[in-house]
Amino acid sequence: MQSDYFDKYGDHVFYRDVKRQHGVIVRAKGIYLYDDAGKEYMDGCSGSMVTNIGQGVPEVVEAMVKQAGTVSFTHGSRWATEPLMHLAQMVCDLAPKGLSRLYLVSGGSEATESAVKFVRTYFIERDGAGTPKHKIIARWHGFHGNTLGALSMTGHMPRRQKYNPMLVDFPHIPACYCYRCQYGLTYPACGVACAKALEEMILKCGPETVAAFIAEPFIGAASGAVPPVEEYWSMVRAICDRHDVLLIADEVMTGFGRTGAHFAVNHWNVVPDVIACAKGMSAGYAPLGGIIVKESLHQVLKDGTGKFTHGHTYGANPLSAATGVAVLTYYLKHNLAENSRVMGERMFKAFEPLWESPIIGDIRGKGLFCGVELVRDKKSRMPFPPEYAIGEKLTQKLLKHGLVVYPGSGHADGRAGDHVLIGPPLVITAAEVDELARRLIAGVRDLEADLQKREI
Ligand SMILES: Cc1ncc(COP(=O)(O)O)c(C=O)c1O
C-alpha cells in the first residue's frame, strides 16, 4: 500500500532501486523500527551493521544537540576542536597497540580511499617522489566501498560490473572462503593457499611496486560474514613484512565490537599498519569514518613534508566527532563488545535448527555477525539460479515476520550465490536474540514451503 506521505510530498526521491516500493519508517527505538502503518520490525542487521548501540539513545541525542549549539562546523585543514581530539584519543585507546593517529572522514568508502592514499603518501615521504610503490593488492569477494577507487579494490562482481571500464586496475587474489575455496582445496591440507597467494602476487607485481594489501578480517557484504582460518591473518602479516608491503585491515563493518572484540584483528593478535573504520564509530547517528594509523608511519610524514594531500569538506567534522564520542562512551559503559561476544554465542546456538534446512548450506561468523548462505543443493553446494533472487525472497518473507536482514548475492561465481547477513545492534538482549531466531526460522520455513509447492 502506498504511504500517505506520497500524497503529501509527491514522488521525487531517487532510490537505489527505482522500481521498488519503499516502506516509510517513522520511528526507531533500540533495536526496533516502526513504519507508517505502525508495524514493528526487529532490525536484525543494524541497517547495514551500523546502529550498534540501538536507536534513540538520549545521551547521544543530547551530545549532538549540545555540539550543534557550540561549534557546528570547522574546516579540518585549519582547526582542531575538542570533540575531534577526544574522539581520536578514544579510538586510538581501543585500537591495537601502535596505532595512535586518527584521520576522520565521513564514511567507509572515504576511509578505504584515505587508507590507500595514505600508504602512497607514506612511501613517497620515505623513499622520494619517484618511488614505484603504488599498487594495492585486494581480494576477490572483498567489499571496500562504492566510490570508484574503493570499488576498484572491491572484488565483488555484481557491484563492479557496470563500472569495470572506469576502474583502476588493482591486482586481486582469492579470499579465504573455505565453503567455496577457489582452489577446490580443504583446510588444513590446503596449507592456506589463499594466504600464500598474496606472496605470489607480490612477487608477480614486483615487491618494489606494491604499497599495501587490503582485506576485511571477516568478509562482510560481499559474501556474508565469512571468517578466515585461524592462521590467515598472521600469515598475511608476515608476508607483508617480508616484502615491505603495508597491511590495511578494512574494519568498516567489523570495527567497534561487531565480532565480539573492539576490532576483529584482535582475535588473531595481528597489528595492521592501517585500520579503516566507520559504521559502528557513530552507530548511524551521524556520518563518520576514519583511518587509524601506526605512529611510526605518521612520524615519517612528520619528518618529511608533513602534508597528506587529501581531505573532504566534512572530514574532522565537530558534530560527527562529538557524536562519535557519545556513541563510544555508551559502547564502553555498556561493555558492548562483550555483549556481542556473549549474545553472539547464544545467537549461533539458537540458529542450530537451521542446519537441517535443505536450503541452508552454511552458517558462519563471530559475535553478532552472521552470514547464512542459501543453496539449492546442500551436498554439491550448488547455488540457486540468480533469477530466483532467493536471498531477496527470504528477506521479503522475514519482513512479513517483522525481521530485517541484509541480503547479498553473486559470491559463488560472480552472478549466483545468495546469503543474508544478520547482525543486530550490539545492545540486543537474550530474549531478543531468541525472538530473532524464532522469526528467522519461521521465514526460512515459509520459503521452504514455497519451494516445495514450486511457487518460486
Ligand atoms: C568492509 C566495508 N568497507 C567499506 C564500506 C563502504 O562504506 P560506506 O558505505 O560507508 O561508504 C563498507 C560498507 O558496507 C564495508 O562493509
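Reader: Into which domains is the protein chain divided?

Author: Domain 1 covers 5–53 + 336–452 and domain 2 covers 58–333, with bounds from an automatic or database domain assignment. This is a predicted model: local features need pLDDT of at least 70, side-chain atom pairs count only at pLDDT 80 or more, and totals for chains, interfaces and linings use all residues. Residues are numbered from 1 along each chain as its sequence is written.

Reader: How many residues does the contact take from domain 1 and from domain 2?

Author: Domain 1 gives 33 residues and domain 2 gives 31, contact being C-beta atoms, placed from the backbone, within 7 Å. The C-alpha centres of domain 1 and domain 2 are 26 Å apart. On the side of domain 1 that touches domain 2, helix 12 contributes the most, with five residues. Helices are DSSP runs (H or I, at least four residues), numbered from the N terminus. That side of domain 1 has 11 nonpolar, 16 polar and six charged residues; Asp, Glu, Lys and Arg count as charged, Ala, Val, Leu, Ile, Met, Phe, Trp, Tyr, Cys and Pro as nonpolar, and the others, Gly among them, as polar.

Reader: At what angle do helix 13 and helix 14 pack?

Author: Two packed helices are described by the angle between their axes and the distance between the axes. Helix 13 (residues 390–400) and helix 14 (residues 430–452) pack at about 125°, with axes 8 Å apart. Helix 13 is therefore oblique to helix 14.

Reader: Which residues meet there, in helix 13 and helix 14?

Author: From helix 13, K393, L394, K397 and L398 meet R439, L440, G443, V444, D446 and L447 of helix 14. This contact of helix 13 with helix 14 has five nonpolar, one polar and four charged residues.

Conventions: Axes are lines fitted to C-alpha atoms, for helices over the stretch in contact, and angles run from 0 to 180 degrees between N-to-C directions. Helices (H or I, at least four residues) and strands (E, at least two) are DSSP runs, numbered from the N terminus. Angles under 35 degrees count as roughly parallel, over 145 as roughly antiparallel, 65 to 115 as roughly perpendicular and the rest as oblique. Two residues are in contact if their C-beta atoms, placed from the backbone, lie within 7 Å.
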